[in-house]
Amino acid sequence: MKNKRVAYLVMDDMGDYVTDFHLSVAPMAELGWEVVGVPWRSDPDWGRFDAVYICTPWDYPKFAEEFLSVLQTIEASRALLLNELETVRWNLDKSYMKDVEARGDDIVPSRWYDDFSAADVSAFFGEHDVDKVVIKPTIGANAMDTFVLTNPVPDALLDRLTQTFSGRSFIVQPFIEGIQEEGEYSLFFFNGQYSHAILKTPKTGDFRVQEEHGATITPVSPPDGLQAVAARVFSHLEPLPVYGRGDWVRGPDGRFLLMELELIEPSLYLRTDSGAALRFARAFDQRFEELAGK
Ligand SMILES: Nc1ncnc2c1ncn2[C@@H]1O[C@H](COP(=O)(O)OP(=O)(O)O)[C@@H](O)[C@H]1O
Ligand SMILES: [Mg+2]
């Protein structure tokens with residue numbers, strides 16, 4: 001079998017982050033791949049690699065321009081960047097959810113704004129016909145700058161929202177109660193094929209489902225209907241991502257609503273399913289073989 005080299009883009013220091021990408025190293029090796037961990041800022045000769053996997057460069061949101069320029073350099077080299085730059089660009093800003101909705105897939109009902117004015121806040125509730133909403137930036141991660149608002153919003157909070165959202169695009173959604181009762185489902189797809197799923201439940205009194213905020217992660221079989229909903233969302237993505245995660249919550253009428261798609265550097269939770277690492281490796285290798293000689 002031909003020897004191939006892949007750079008896994010990581011951070012200089014992964015600090016306290018929990019990672020499990022090492023689980024894919026052996027299955028990749030079986031398919032002929034030498035895996036090299038490369039800090040995304042280290043500026044190597046990318047042409048030494050056949051492919052680059054955007055693995056765990058999780059500090060990129062603070063350095064988005066720099067990160068994109070590194071990805072551009074990789075794209076311009078002989079190495080194949082996966083997921084593709086086009087997918088990364090589309091997925092950086094949550095406005096991509098508008099495209100998902102336009103294709104007929106259900107998303108958490110969303111209203112989009114380009115700038116913030118405290119005077120507009122009382123209308124947020126009426127627009128969604130609820131008394132509890134979530135406001136969050138269109139570019140963000142880890143629930144940063146995500147606020148739950150109840151009507152009426154106190155002046156001190158209005159000041160804070162003004163500081164956070166002035167001159168910035170943001171989204172307003174109804175607060176989906178299901179997130180506290182049931183949690184948020186993440187389904188993982190490799191080359192459009194379903195692989196595995198987890199349920200993330202917030203700690204009591206919280207609504208955020210990130211491990212960093214004390215949430216619990218459980219491997220699950222998706223509840224009835226969700227896998228088909230998720231497969232449909234992924235089948236509409238062009239180019240098809242090699243790896244991706246979608247997050248869904250159950251809405252008040254029982255339908256599953258997309259919360260977000262993570263197609264850049266999602267943690268794949270390979271440790272939660274014994275076949276996941278092999279499925280990832282096969283998908284990666286298969287795509288490489290299809291696109292090699294681009
Ligand atoms: N409309 C909503 N209803 C309830 N909880 C929400 C809502 N929007 C966001 N959240 C909570 O905030 C978290 C972060 O929001 P999300 O849209 O996933 O952005 P990101 O993960 O990129 O910060 C979600 O995982 C969820 O716990
Ligand atoms: Mg999220």
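Which residues have the most contacts inside the largest nonpolar core? In this predicted model, they are Trp46, Tyr53, Ile54, Leu71, Ile74, Phe280 and Phe284, in a core of 49 residues.

H9 gives the most to the core, with 7 residues. The core draws at least three residues from each of domain 1 (4–83 + 280–291) and domain 2 (93–107 + 178–263). Apart from its neighbours within four places in sequence, Phe284 is in contact with Val6, Met28, Trp33, Ala51, Tyr53, Leu82 and Val242. A second, separate core has 19 residues, among them Tyr185, Phe234, Trp248 and Leu263.

An open sheet is formed by 4 strands in the order E2-E1-E3-E4, with parallel pairing. E2 and E4 stand at the edges with a single partner strand each, so one side of each is left without a neighbour in the sheet. On average, neighbouring strands of this sheet are turned by 25° against each other, direction ignored. The parallel pairing of E1 and E2 runs over 7 bridges, and Leu9 has Val38 in E2 as its bridge partner. H9 packs on the sheet and touches E1, E2, E3 and E4, its direction making about 120° with that of E1.

Gly32 lies in the loop between helix H1 (25–30) and E2. Gly32 counts as buried because its relative accessible area is 7%, where buried means under 20%. The C-alpha atoms of Gly32 and Glu212 are separated by 35 Å, the two residues being 180 residues apart along the chain.

Methods. Residues numbered from 1 in each chain as written. Chains lettered and ligands numbered in written order. Predicted model: local features only at pLDDT ≥ 70, side-chain atom pairs only at ≥ 80, totals over all residues. Heavy atoms only, no water. Core = buried A, V, L, I, M, F, W, Y, C linked by side-chain atoms within 4.5 Å. Buried < 20%, exposed > 50% of the residue type's maximum accessible area, 1.4 Å probe, protein only. Helix = DSSP H or I, 4+ residues; strand = E, 2+ residues; numbered from the N terminus. Domains from an automatic or database assignment. Contact = heavy atoms within 4.5 Å. Pairing = 2+ DSSP bridges. Axes fitted to C-alpha atoms, helices over the stretch in contact; angles between N-to-C directions.
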